[in-house]
Amino acid sequence: MISENGAMLLQENVAYFRAGDLDYLKLMVKTLGKDANICLDIKQSLRGGYSPFDVVKYVGENIRHIHISDNSEKGDCLLPSKGTFDFAKLLTEVKSKGYKGDAIIEGATTATYTTAEPGTYSVLVTDNNNNACAKRSNTITITNISAEAS
């Protein structure tokens, strides 16, 4: 019924739940094959104690959506460029696994576990033709991900 209505059910790798365990995601993909649809969340991987690059390595062909956030010794769920995460490497690796999905930036500016600078953040996202796709504060949906993005 879900797919008949144009939707897809995804399993996010939420830390502290079964799918927050990389071995569980591997088992899910082994059991369901191409029907295992994964949402990779960078911060959830780190909170779960494993690298998002390992998720790509082991279940990358099943990743359908990505939640992007930066991180540093200051905390996680930082807006891109406020931490040290290598986004170009991640985008290159997911594209090598055939990823053609979208991503969303998750950023907290007031959460107690971050030290994000106060203020309003805006991100301008362009498509492959350098046309503006969207501009919003704090949360933005990215389309046409490119490994060349900075």
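These are my notebook entries on what I looked up in this structure, which is a predicted model.

**Entry 1: overall layout**

I began with the secondary structure. The protein has four helices and nine strands. I read along the sequence and wrote down the pattern β-α-β-α-α-β-β-β-α-β-β-β-β. Next I looked up burial. Of the 150 residues, 42% count as buried. The accessible surface comes to about 8,800 Å², and carbon and sulfur atoms hold 50% of it. I also checked contacts with a separation of 6 or more: residues 24 or more positions apart account for 64% of them.

**Entry 2: N13**

Where does N13 lie? I found it in the loop between strand 1 (11-12) and helix 1 (22-32). Is N13 buried or exposed? N13 counts as buried because its relative accessibility is 0%. I then looked for a polar partner. The side chain of N13 makes a polar contact with the side chain of S45, at 2.9 Å. Leaving aside neighbours within four places in sequence, I listed its contacts, among them A19, L25, C39, D41 and Y50.

**Entry 3: helix 3**

Helix 3 covers residues 52-59. Its buried residues are P52, F53, V55, V56 and V59. They sit on the same side of helix 3, because they cover an arc of only 165 degrees around the axis. What do they pack against? I noted helix 1, strand 2 (38-41), helix 2 (42-47), strand 3 (63-68) and helix 4 (87-96). I also looked at the start of the helix. There a side-chain oxygen of S51 comes to within 3.0 Å of the backbone nitrogen of F53.

**Entry 4: salt bridges**

How many salt bridges does the structure hold? I counted six. I looked up three of them.

- D23 pairs with K26, with the closest N and O atoms 3.7 Å apart. Both lie in helix 1, three residues apart, about one turn of the helix. D23 counts as exposed because its relative accessibility is 52%. K26 is partly exposed at 30%.
- K43 pairs with E106, and the closest N and O atoms are 2.6 Å apart. This pair links distant parts of the chain: K43 is in helix 2, and E106 is in the loop between strand 6 (102-105) and strand 7 (122-126), 63 residues apart. K43 is buried, at 8%, whereas E106 is partly exposed, at 21%. D41 joins K43 and E106 in a network of salt bridges.
- E61 pairs with K97, with the closest N and O atoms 3.6 Å apart. E61 is in the loop between helix 3 and strand 3, and K97 is in the loop between helix 4 and strand 6, 36 residues apart. E61 is partly exposed at 47%, and K97 is partly exposed at 27%.

How values were computed:
Residues numbered from 1 in each chain as written. Predicted model: local features only at pLDDT ≥ 70, side-chain atom pairs only at ≥ 80, totals over all residues. Heavy atoms only, no water. Helix = DSSP H or I, 4+ residues; strand = E, 2+ residues; numbered from the N terminus. Buried < 20%, exposed > 50% of the residue type's maximum accessible area, 1.4 Å probe, protein only. Polar contact = N/O pair within 3.5 Å; in protein donor to acceptor, adjacent residues only side chain to side chain. Contact = heavy atoms within 4.5 Å. Arc of directions from axis to C-beta. Areas by Shrake-Rupley, 256 points an atom, 1.4 Å probe, with all protein chains shown as cover. Salt bridge = Lys/Arg side-chain N within 4 Å of Asp/Glu carboxyl O.
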